[in-house]
Amino acid sequence: MILLALWRRGLLRRLDREKLAHFIGWRPDPLALSRRYPMWRILRIGRLLVSPAHARAVARWLEYRMNLFDGVEG
């Protein structure tokens, strides 16, 4: 469900290596919050796979985070 929600919002097209590393927590900066507490840890992976409403909400949240990362919002 989450891949479908991300695809519909156009987020898969905007994903690059640096954003993926930030989400997973592979940042080279040891002081980065995402390295200590990666964003994926707060998501319920099982629920993302089966709940369309939860997948849409997470996709909306990820879009906001991508916009912050790109400097579009904030």
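Predicted model: local features only at pLDDT ≥ 70, side-chain atom pairs only at ≥ 80, totals over all residues.
1. Overall make-up. The protein chain has six helices and zero strands. In sequence order the pattern reads α-α-α-α-α-α. The chain holds 74 residues, of which 32% are buried.

2. The largest pocket. Its space comes to about 470 Å³. The lining is made by 22 residues, and those closest to the pocket centre are Leu6, Leu15, Phe23, Leu62 and Met66. Two or more lining residues come from each of helix 1, helix 2 (11–14), helix 3, helix 5 (45–50) and helix 6 (52–70). Helix 6 is the main contributor, giving six residues to the lining.

3. Sorted by class, the lining of the largest pocket consists of 19 nonpolar residues, one polar residue and two charged residues.

4. Leu20 belongs to helix 3 (residues 17–24). Leu20 counts as partly exposed because its relative accessibility is 37%, and partly exposed covers the range between under 20% (buried) and over 50% (exposed).

5. Ile2 is part of helix 1. Its relative accessibility is 13%, so Ile2 counts as buried, the limit for buried being under 20%. Ile2 and Arg47 are separated by 45 residues in sequence, yet their C-alpha atoms are 9.4 Å apart in space.

6. Salt bridges, in number. How many salt bridges does the model contain? The count comes to two. In general terms, side chains of opposite charge can pair when their charged atoms come close.

7. The pair Arg9 and Glu63. The side chains of Arg9 and Glu63 meet in a salt bridge, with an N to O distance of 2.4 Å. Arg9 sits in helix 1 and Glu63 in helix 6, so this pair ties together parts 54 residues apart in sequence. Arg9 is partly exposed, at 37% relative accessibility.

8. A salt bridge joins the side chains of Asp70 and Arg14, at 3.1 Å from N to O. Asp70 lies in helix 6 and Arg14 in helix 2, so the pair ties together parts that are 56 residues apart in sequence. Asp70 has a relative accessible area of 39% and is therefore partly exposed. Arg14, with a relative accessible area of 25%, is partly exposed as well.

9. Helix 6 across the points above. Helix 6 gives the most residues to the lining of the largest pocket. Helix 6 also holds Glu63, the partner of Arg9, and Asp70, the partner of Arg14.

How values were computed. Residues numbered from 1 in each chain as written. Heavy atoms only, no water. Helix = DSSP H or I, 4+ residues; strand = E, 2+ residues; numbered from the N terminus. Buried < 20%, exposed > 50% of the residue type's maximum accessible area, 1.4 Å probe, protein only. 1 Å grid on protein atoms, 1.4 Å probe; cavity = no way out; pocket = protein on both sides within 12 Å on 5 of 7 lines; lining within 4 Å. Points joined across faces, edges and corners; volume = space filled by probe spheres on them. Nonpolar A, V, L, I, M, F, W, Y, C, P; charged D, E, K, R; others polar. Salt bridge = Lys/Arg side-chain N within 4 Å of Asp/Glu carboxyl O.
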